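Reader: I am new to reading protein models. Can we take this one step by step?

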Amino acid sequence: MVEDVIRPGGSEIESARSIGITAALTSPRTGIWMGQSALINLSGDTPQQMIVRSPVAMHVGFTPLRGTYPGSLLGVFATLRQMMLDAQRYRDSMQIYERSPRGTRRPDTDRSLAALVPVIEGRMPVVMLANSEREISRALDLAAEFKLRLIIAGGREADQVAERLAKQNVPVLLSLNLPRRTTAAMPEADPEPLRVLRERVEAQQTAGKLVKAGVRFAFQSGSLTDMSDLVANARRVIENGLQSADAVRAFTIWPAQILGVENQLGSVEAG
């Protein structure tokens, strides 16, 4: 769990605080089943003082593993599906034993499968890191099959499946780590492909399109290395179709609602 590795006062926390962020959802960043997240205040001397809610959600990544299975996106989804089927069987076996333990062998404890039981029962949301239209569509298929409380993170091409997201009531944690040119333009360099230029522009328009489609979303940093880029990129999104009032909501009340803490955070109200 991420609460086990929170370090109060670290450089990442201080850089976020310096631009005005007061609370954040933080999660492990590697693996397929990455683990559970915690919602923390960015002030406090101990992890216990910082935690608002933990755990919040189970986080899943779709990056294939190098040199081993699953080494492809198809393999990743096959692995995810098998794990959820295994979790269902594990839960059922435990329930059978608890109803009638006498004369029944107790199933072996499996902490990994036990952690997935709240996910398959819909008691804990699952955040799937998906950027391409194909990844998001497959995540929606998986959520529909297992009746998961899905949240999409990243969501670079979420506008391309906005109708499905709205229909399945799946919110998006939209990354503000916008694609940009990573090297200086050189006179002798070949021009960037039109596809790359188009993706760069369209990424700035996604937020505005999600609002128009009725898809709930909130901004996330998307592992930005320089947190000052968060505000600059939000301005670029506003310049490309998002109303400034909605941009404020995407940093405040909308993430609080998506994470189920709107009675504690996200707005200033009487009482």
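Reader: How many of the residues of strand E7 (residues 150-154) are buried?

Author: First, the ground rules. This is a predicted model, where local features need pLDDT of at least 70, side-chain atom pairs count only at pLDDT 80 or more, and totals for chains, interfaces and linings use all residues. Residues are numbered from 1 along each chain as its sequence is written, and side-chain values use heavy atoms, with hydrogens and water left out.
Strands (E, at least two residues) and helices (H or I, at least four) are DSSP runs, numbered from the N terminus. Buried means under 20% relative accessible area, with a 1.4 Å probe and protein chains only. E7 is mostly covered, and its buried residues number 5 of 5.

Reader: Which residue of E7 is the bridge partner of Met-128?

Author: Two strands pair if DSSP finds at least two bridges between them. Strand E6 (residues 126-130) and E7 pair in the parallel sense, over 5 bridges. In E7, the partner of Met-128 is Ile-152.

Reader: Which helix does the chain pass through from E6 to E7?

Author: The path is a β-α-β crossover, and it is right-handed. That term means the path from the first strand over the helix to the second runs clockwise, with the strands pointing away from the viewer. The helix on the way, residues 133-146, is H5.

Reader: Why is one side of strand E1 (23-26) left without a neighbour in its sheet?

Author: The open sheet has 3 strands in the order E1-E3-E4, with antiparallel pairing. E1 and strand E4 (51-53) stand at the edges, so each has a single partner strand. For E1, with 4 bridges in the antiparallel sense, that partner is E3 (residues 38-41).

Reader: At what angle do helix H3 (residues 73-99) and helix H4 (residues 111-120) cross?

Author: Axes are lines fitted to C-alpha atoms, for helices over the stretch in contact (heavy atoms within 4.5 Å), and angles run from 0 to 180 degrees between N-to-C directions. Angles of 65 to 115 degrees count as roughly perpendicular, and H3 and H4 are therefore in that class. Their axes come within 9 Å and cross at roughly 95°.

Key:
Buried means under 20% relative accessible area, exposed over 50%, partly exposed in between (1.4 Å probe, protein chains only). Angles under 35 degrees count as roughly parallel, over 145 as roughly antiparallel, 65 to 115 as roughly perpendicular and the rest as oblique.
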